[in-house]
Amino acid sequence: VAEQRKAERADRGGVNIDLPETEIEVEWHDGQPRVRCRAVEQESPSHDVVGELMVLTNRLMADFCDDHDIPVIYREQEPPEGELIDEEVESQPEGLPRTFSILYKMKPSSMTLEPNYHFGLGLPRYAQTTSPIRRYGDLVCQRQIKAFLADDPLPYDHDEMLQILATVEETAREASRTQSETQRYWILEYLRQRKDDGPMEATIIHHKNDDGTLASIWLDDIAFKCNGRFRTSVPPGETAEVVVDRADPRQDELSIKQA
């Protein structure tokens, strides 16, 4: 069922991108942190089952709320300018360079009270309802649906939902920013601790200057994107050994160079 749903979304233009994620463990010894990082693959049968049935549930809830004029928070994503897979994308090597080239073209998703198209998911309507213990908007949506099914007055009218939307959007942005900064801090601390442990393998994503001596890279072992300096140009898609030149999490400074 999950494979069928994923294929149907792809046929409608949905974009399925499964990059590895960074798993971070921090242990404290005598007041000092000891950090471990590793890349964890997200693409697996179990991941697809959970993810696709979650998407299906949220799509059905969005349809239900739209059909019955129940005010809830929807998520939308506009399509990119022009074709997503154009000549520029196809000119990139397969793998990380092409994946990031696609990601750069996609517009960010946003929240709305209108049931609009979600490009990345390939769905005409989408409402997040499946995580009420960690997202307030999901809890609000479930309250609305439960009240409707019980023939009770809806807890929130349209104007109240507008106020909730403004609060949820700002809180979500702040939570995302905090999560990203926290993750980056501990990754930089991990790189600082392993500075003298020898080279790491990195995949070149794209060059950031004409001679290719500055590049956006992907540290394969920890699924982390950063910049690296090279003595000679390494083509995008190729791998190279790099070392930590400097890592200071408190100053948010990182310097990676070719081994």
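Me: Which residue in β9 stands opposite V244?
Reply: This is a predicted model, where local features need pLDDT of at least 70, side-chain atom pairs count only at pLDDT 80 or more, and totals for chains, interfaces and linings use all residues. Residues are numbered from 1 along each chain as its sequence is written, and side-chain values use heavy atoms, with hydrogens and water left out. Strands here are DSSP runs of E, at least two residues, and helices are runs of H or I, at least four, numbered from the N terminus; two strands pair if DSSP finds at least two bridges between them. β8 and β9 (residues 253-258) pair antiparallel over six bridges, and opposite V244 you'll find I256.

Me: What kind of aromatic pair do F64 and F148 make?
Reply: Rings of Phe, Tyr and Trp (its six-membered ring) pair if their centres lie within 6.5 Å, and planes under 30 degrees apart count as stacked, over 60 as edge-to-face and the rest as tilted. By this rule there are five aromatic pairs. The F64 and F148 rings have centres 5.6 Å apart and planes at 85 degrees, so the pair is edge-to-face.

Me: How many residues apart in sequence are the parts tied together by F64 and F148?
Reply: F64 sits in helix α2 (residues 45-67) and F148 in helix α5 (residues 136-149). So the pair ties together parts whose separation in sequence is 84 residues.

Me: Is F148 buried or exposed, or something in between?
Reply: Buried means under 20% relative accessible area, exposed over 50%, and partly exposed in between (1.4 Å probe, protein chains only). F148 has a relative accessible area of 28%, so F148 is partly exposed.
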